[in-house]
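Please take a moment to look over the sequence and the model together before reading on.

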Amino acid sequence: MKLDYFDLLSPNPIQVPNAGGILSPTLRRISSVGYNTYQHYLSVILTDIMPGNGVGDGEEALLSAQEKQNRIFEMLAANESYAALLQTALNFFFRETVTYNFESQGFSVQSDNRIIGLVTKENYPEICDVIRRRNCIPSAPKDDLSKVKSKKALEILKKLQAGRKETSKHTKPDLNMELGNIISAVANKSLSLNPLNIWDLTIYQLWDSFARLSNNSIYDMQSLSTAVWGDKDHHFDAAMWFKKPPSAGYD
């Protein structure tokens with residue numbers, strides 16, 4: 001689904017055709033459920049691990065990203081416990097109410113007690129992708145092994161994928177990039193945001209503000225250096241202050 005910078009910055013929901021409106025949650029809403037719960041909801045939506053599927057690593061590796069998400073949806077929807085977990089996660093990100101139907105093994109999206117959309121195997125990958133971008137999460141690097149013809153190359157890529165998964169398990173999170181620290185940093189650096197009003201930002205707006213403040217700090221240092229020492233090598237970019245920051249999500 002094509003989304004532009006304006007759409008992602010907006011606090012209004014993004015409409016997924018035949019499904020519903022997906023919100024970028026505000027910091028206040030994240031705070032109301034707790035940061036760990038918010039992370040749990042994201043992990044449910046963005047998981048690429050098939051629960052109890054009985055599919056071997058080799059077969060799973062050959063699936064495209066969309067095929068894998070189709071399979072994940074089928075497995076979650078076929079189990080009442082998993083489906084209840086997915087329903088709760090979807091309800092956090094949808095503007096409307098998402099309800100699970102065990103008989104159809106799918107989810108209906110309701111507004112004012114009227115069904116206005118469905119979450120199905122077919123649109124689930126698109127819904128997950130919009131949620132990812134609305135929460136400013138970069139897309140993970142993916143190797144499409146289904147297109148690899150060489151048996152030797154396929155074995156190498158499988159090992160690389162397994163290595164990346166194993167490395168991610170043992171990588172320590174950067175505490176400087178922890179959400180609480182970013183909220184504090186932006187609130188105390190910004191000229192208009194503060195610890196009281198920052199909670200009304202969406203999570204996307206927060207990360208975008210952080211990227212802008214970081215970019216502008218570099219610009220200020222470079223402009224000061226240029227004013228004092230000149231720019232004989234033409235390294236100073238006067239337009240840097242308004243160029244798009246490398247925010248995740250509009251890829």
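The axes of helix H3 (residues 35–46) and helix H6 (residues 80–93) come within 9 Å and cross at roughly 110°, where an axis is a line fitted to C-alpha atoms, for helices over the stretch in contact, and angles run from 0 to 180 degrees between N-to-C directions. The model is a predicted one, in which local features need pLDDT of at least 70 and side-chain atom pairs count only at pLDDT 80 or more, while totals for chains, interfaces and linings use all residues. Residues are numbered from 1 along each chain as its sequence is written, and side-chain values use heavy atoms, with hydrogens and water left out. Helices (H or I, at least four residues) and strands (E, at least two) are DSSP runs, numbered from the N terminus.

On the side of H3, the contact (heavy atoms within 4.5 Å) is made by Tyr38, His40, Tyr41, Leu42, Val44 and Ile45, and on the side of H6 by Leu85, Leu86, Thr88, Ala89, Leu90, Phe92 and Phe93. Sorted by class, the contact of H3 with H6 has eleven nonpolar, two polar and no charged residues; here Ala, Val, Leu, Ile, Met, Phe, Trp, Tyr, Cys and Pro count as nonpolar, Asp, Glu, Lys and Arg as charged, and the others, Gly among them, as polar.

Now turn to the strands, where two strands pair if DSSP finds at least two bridges between them. Strand E3 (residues 97–101) and strand E4 (residues 106–111) run antiparallel and are joined by five bridges, and Val98 has Val109 in E4 as its bridge partner. These two strands form a hairpin with four residues between them, and in its turn Gln105 has a positive phi of about 50°. E4 is also joined by five bridges to strand E5 (residues 114–119), again in an antiparallel arrangement, with Ser108 opposite Leu118 and Gln110 partnered by Ile115. The hairpin of E4 and E5 has two residues between the strands, and Asp112 in the turn has a positive phi of about 55°.

Where does Tyr124 lie? Tyr124 is found in helix H7 (residues 124–134), and this residue is buried, with a relative accessible area of 1%, since buried means under 20%, exposed over 50% and partly exposed in between (1.4 Å probe, protein chains only). Leaving aside neighbours within four places in sequence, Tyr124 is in contact with Val44, Ile45, Gln69, Phe73, Leu76, Leu86 and Val119.
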